[in-house]
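Here is a friendly walk through one protein model. Have the sequence and the 3D view open, and follow along as we look at charged pairs and then at a sheet.

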Amino acid sequence: MNAVYVQTNDADANSVVAYSRAADGRLTATGSYPTGGRGTGRPHLPSQGSLAIAGDQLLVANAGSDDVSLFAIDGGEPRLVSRVESGGSVPRSIAVQGDLVYVLNTGEPNVTGFRLAGDELRPLGVTQPAGSDPAQVGFSPDGGTLVVTDRADTIHVYAVAADGTLAPPAHVPSAGATPYGFAFTSGGTLVVTEAAGGEVGAASASSYRVAGGEVHRVSEAVGDTRSEVCWAAIAGDRHAYVTNFGDGTISRYAIAADGALELVEPVAATTVMGAKGIRDEALSADGRFLYALDADARKVFGWRVADDGSLAPVGAADGLPATAAGLAVR
């Protein structure tokens, strides 16, 4: 079933809110499903990737109870099948590559490894430090590199061995201040958003080539003229969309063949123009639709992605609490 998932991040009983996705991209709420864990109960969970899809399974980071829930999503409704301790405290981001999973814990920052085995998430016994203020964890497309952005102006890079273990991290200075969310092209170009400490009009994005546990900068920080950019999504390896929390906008960059970035549209789309709140974003698997969570508006907004990268709204679905966080699309 084509669907969109968001977590409530409720401090007493976290849940997943599910929406079915029609052929025209419109969303319809189908239910709320307890994770068995707890969220933080605070608006604006500062992370990207607190939900992640692995085939017919959905993983959810419970930041308030320090564990991860695993749902089966192969049928009509999400079904909770297991929970496991996250390997640290305040888990906020999850990376998946095949059956290999790494969870970013942000209390005392670390990344902790797991293997998906049926209805279980089994600890690998691997933990590595993750800087001082990490925002997101993710794998390169070839699975050979794990990346963590650190708002302390650093990108942490871990080479991944064949058995899933990690080498100690290398630390790469960020091209811009306050690196936050990121996304990869299929060829290994990494696009990173930079919130610039929340300075008005100073948001930017930069790009890097990632291979074999190494990172090489391609584009320096390219400003988008907006404020507090935090999340990134890439369509067709040619278009990077970044959400600007500070004013409810989405900016679009073009990605060149060599990975260089060029700002195309400072405002490619909006949720509530001029109002804070837009956060997580994700593309459908076929790349035809982009969705973004506006936590302050308590809605998920959607757009159709045209061949030229332009965005056309397909409506919004409501019914979310102000604490809602994370976004996963299938």
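How many salt bridges does the rule give? The count comes to 11 salt bridges, where a salt bridge is a side-chain nitrogen of Lys or Arg within 4 Å of a carboxyl oxygen of Asp or Glu. Before going on, please note that this is a predicted model, in which local features need pLDDT of at least 70 and side-chain atom pairs count only at pLDDT 80 or more, while totals for chains, interfaces and linings use all residues. Residues are numbered from 1 along each chain as its sequence is written, and side-chain values use heavy atoms, with hydrogens and water left out.

| Pair | N to O distance |
|---|---|
| Arg 330 and Asp 56 | 2.7 Å |
| Arg 115 and Asp 99 | 2.7 Å |
| Arg 288 and Asp 286 | 3.9 Å |

Let us start with Arg 330 and Asp 56, whose side chains meet in a salt bridge. Arg 330 lies in the segment after strand S28 (325-329) and Asp 56 in the loop between strand S4 (51-54) and strand S5 (57-62), so this pair ties together parts that are 274 residues apart in sequence. Strands here are DSSP runs of E with at least two residues, numbered from the N terminus.

Arg 115 sits in strand S10 (residues 110-117) and Asp 99 in the loop between strand S8 (91-97) and strand S9 (100-105), so the pair links parts that are 16 residues apart in sequence. Arg 115 is partly exposed at 23%, and Asp 99 is partly exposed at 37%.

In the salt bridge of Arg 288 with Asp 286, Arg 288 is partly exposed at 35% and Asp 286 is partly exposed at 46%.

Now for the sheet. An open sheet of 4 strands runs in the order S16-S17-S18-S19, with antiparallel pairing; two strands pair if DSSP finds at least two bridges between them. The edge strands, S16 (179-184) and S19 (214-223), each pair on one side only. Within the sheet, strand S17 (residues 189-194) and strand S18 (residues 204-211) pair over 6 bridges, and Thr 189 stands opposite Arg 209 in S18.

Key. Buried < 20%, exposed > 50% of the residue type's maximum accessible area, 1.4 Å probe, protein only.
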